[in-house]
Amino acid sequence: MLAVNQVSRVFQNGKAGFKNVNIRLTEGEVVGVLGTSGCGKSTLLRVLSGLDLNYKGDIETNVSNPEHAFGMMFQEPRLMPWLSVWENITFGVAKKQNREQALDLIQTVGLDGFEDHYPKDLSGGMAQRVAIARSLLNRPEILLLDEPLSALDAFTKMQLQDLLLSIFEKHHTTTLLVTHDIDEALYLCDRIVIMRGQPGGIQSEISIDTPKPRRRGDAYLANLKEDILQELDFTRV
Ligand SMILES: Nc1ncnc2c1ncn2[C@@H]1O[C@H](COP(=O)(O)OP(=O)(O)OP(=O)(O)O)[C@@H](O)[C@H]1O
């Protein structure tokens, strides 16, 4: 579905955001990207989404509708305060089919009844639900999620992780999830790539061979967490 071959991004000041990255996502796969701060995770997502075209290397997608290949979501909801929930979800698309499409997505993210509310009336978790709905508009074939839940409190985060899990299962959307949260990656992903360095590159890859839904705190996941911490030099012997 997505093949990233030897991709690097060097900025105008000569500094590299990341270098020689290779990633492959097969259809329906959920892949996590974990890495220490500054290794280039956000830059990589910007390049993959087409927001930043100044890269070297090769990016191939195998999607049926290239115009709507990617859906993207960020750490902050980035809602427009003067637009209602449904208008935020459909902002930028042709008017006719809008409200109906938005109502469908509002139901998917569990916000029924809030379609005419404004961002000021929403909690942080609800605002991120709107952002999830907006990222699903036009049925993107690849979702790029840049730390989508990291600004939320622990309980809201777990609720939204379960929401993402149900969306992945229902829509089989191929997903690349950048996160700092190892437990989140272990709970949601089929595979995790670990980035390190500055400029960052991919250091290793871990596959999570246990079916979803998973039990938080599962012993197998705890062992994998230990391996990941070691990869990132965070374990003390
Ligand atoms: N426009 C830019 N010009 C120059 N350097 C940049 C630019 N954008 C990012 N960088 C640098 O590229 C590197 C990667 O940044 P990026 O934000 O992608 O890292 P990250 O892994 O997402 O970090 P974090 O986890 O803290 O969000 C950093 O060293 C950053 O300073």
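**Close-up views of the predicted model**

View 1. R9 has F18 as its bridge partner in β2. This is a predicted model: local features need pLDDT of at least 70, side-chain atom pairs count only at pLDDT 80 or more, and totals for chains, interfaces and linings use all residues. Numbering starts from 1 along each chain as its sequence is written. Strands β1 (residues 2-10) and β2 (residues 16-25) run antiparallel, joined by 6 bridges. Two strands pair if DSSP finds at least two bridges between them. Strands (E, at least two residues) and helices (H or I, at least four) are DSSP runs, numbered from the N terminus.

**View 2. The β1–β2 hairpin turn.** In this hairpin, 5 residues lie between β1 and β2. G14 sits in the turn with a positive phi of about 90°.

**View 3. The β1–β4 pairing.** β1 also pairs with β4 (residues 56-61), in the antiparallel sense, over 5 bridges. N5 has D58 as its bridge partner in β4.

**View 4. The ligand shell.** The ligand is surrounded by 13 residues (C-beta atom, placed from the backbone, within 6 Å). The closest are F11, S37, K41, S42 and T43. Helix α1 (residues 41-49) gives the largest share of the shell, 3 residues. By class, the shell has 9 polar, 2 nonpolar and 2 charged residues. Ala, Val, Leu, Ile, Met, Phe, Trp, Tyr, Cys and Pro count as nonpolar, Asp, Glu, Lys and Arg as charged, and the others, Gly among them, as polar.
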